Amino acid sequence: MATSKLGGELHQQRGTAENYGLDAERYDRTRPRYPDGLVDRIVRSCPGHELLNVGAGTGIEARQFQAAGCTVTGVEPDARMAEFARAHGTEIEIARFEEWDAADRRFDGIISGQAWHWVDPEVGAAKAASVLRPSGRFAAFWNVAEPPAEVREAFRKIYVEVVPDALATRAYSMPTPPPISSSPLLTKTIDGIRKVGGFGEPEQWQFEWEYVYSKDEWLDQLPTQGDHGQFEPEKLERVLTEVGAAIDAMGGSFDMKYTAVAVTATRPAS
């Protein structure tokens, strides 16, 4: 399911995000990582290696940036996700970013993977500008998934039948995937940056990659996606059973195309 297809004021619908912590270990185990090219470009574009990770979750991207030589401080509102991240080597402060106390600290970069849509785009952009050093880099990024047409159609039929009002149903039912560059996730982030000032003109960076999912891998990840955690148990079980059967009919696996897309901007040098 392409994350870019989720519209609406998501920062006002945090109940969905708060379900992710119900099984933090599964979330961390199954959620896709980010391509090395994205991590490297962000690191090289920052004036130093002290980073703030907004919506750090279980520490997926934090660990990638730590491996690239950065020091990462995370801000995460879900105590369950934060506990997992701490246990795996990431310093986490529990708060919503809009309410987080920076205590006069400044950072060389702010990163946010698969999370900035839960932040008020204008309040968040203003807060980000206030805690970045001169020439500091802001980068919010998402993995946008695009399954093959036959996979999309097979999954669409299942979701329409079982959970017609789900986010995945709406996504799979769109006749033509919109351009990634026009995604509401990106446009709201860009608009927020432009409205508050304090940054140069925002840019979009894209990195394409692919992953072959086995049936077991895809079914393991599904409960962590979108609003799946809010499905009635019997409906979730039916989705898992029928999606598994559909993947079996495809030969037991399928190739998912991903685009890692970032909205990024820098503070002025002085």
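The model is predicted. The protein has 270 residues, and its radius of gyration of 18 Å agrees with the value near 18 Å for a compact globule of that length. Its secondary structure comprises 11 helices and 7 strands.

**Overall shape and packing**
- The C-alpha trace spans about 60 × 35 × 30 Å along its principal axes.
- Of the 270 residues, 55% count as buried.
- Among contacts between residues at least 6 apart in sequence, 77% join residues at least 24 apart.

**Second largest pocket**
- The space in the second largest pocket comes to about 200 Å³.
- Its lining includes Arg29, Thr30, Arg31, Pro32, Arg33, Tyr34 and Pro35, together with Trp209, Tyr211, Tyr213, Glu217 and Asp220.
- Helix 2 (24–30), strand 6 (203–214) and helix 10 (215–221) each supply at least two residues of this lining.
- Strand 6 gives the largest share, 3 residues.
- By residue class, the lining divides into 6 nonpolar, 5 charged and 1 polar.

**Glutamate 25**
- Glutamate 25 lies in helix 2, an element that also supplies at least two residues of the pocket lining.
- Glutamate 25 counts as partly exposed because its relative accessibility is 41%, which falls between the 20% limit for buried and the 50% limit for exposed.
- The side chain of glutamate 25 makes a polar contact of 2.3 Å with that of arginine 29, and Arg29 is one of the residues lining the second largest pocket.
- Glutamate 234 is 209 residues from glutamate 25 along the chain, and their C-alpha atoms are separated by 22 Å.

Methods
Residues numbered from 1 in each chain as written. Predicted model: local features only at pLDDT ≥ 70, side-chain atom pairs only at ≥ 80, totals over all residues. Heavy atoms only, no water. 1 Å grid on protein atoms, 1.4 Å probe; cavity = no way out; pocket = protein on both sides within 12 Å on 5 of 7 lines; lining within 4 Å. Points joined across faces, edges and corners; volume = space filled by probe spheres on them. Helix = DSSP H or I, 4+ residues; strand = E, 2+ residues; numbered from the N terminus. Nonpolar A, V, L, I, M, F, W, Y, C, P; charged D, E, K, R; others polar. Buried < 20%, exposed > 50% of the residue type's maximum accessible area, 1.4 Å probe, protein only. Polar contact = N/O pair within 3.5 Å; in protein donor to acceptor, adjacent residues only side chain to side chain. Rg over C-alpha atoms; globule rule 2.2 N^0.38 Å. Contact = heavy atoms within 4.5 Å.
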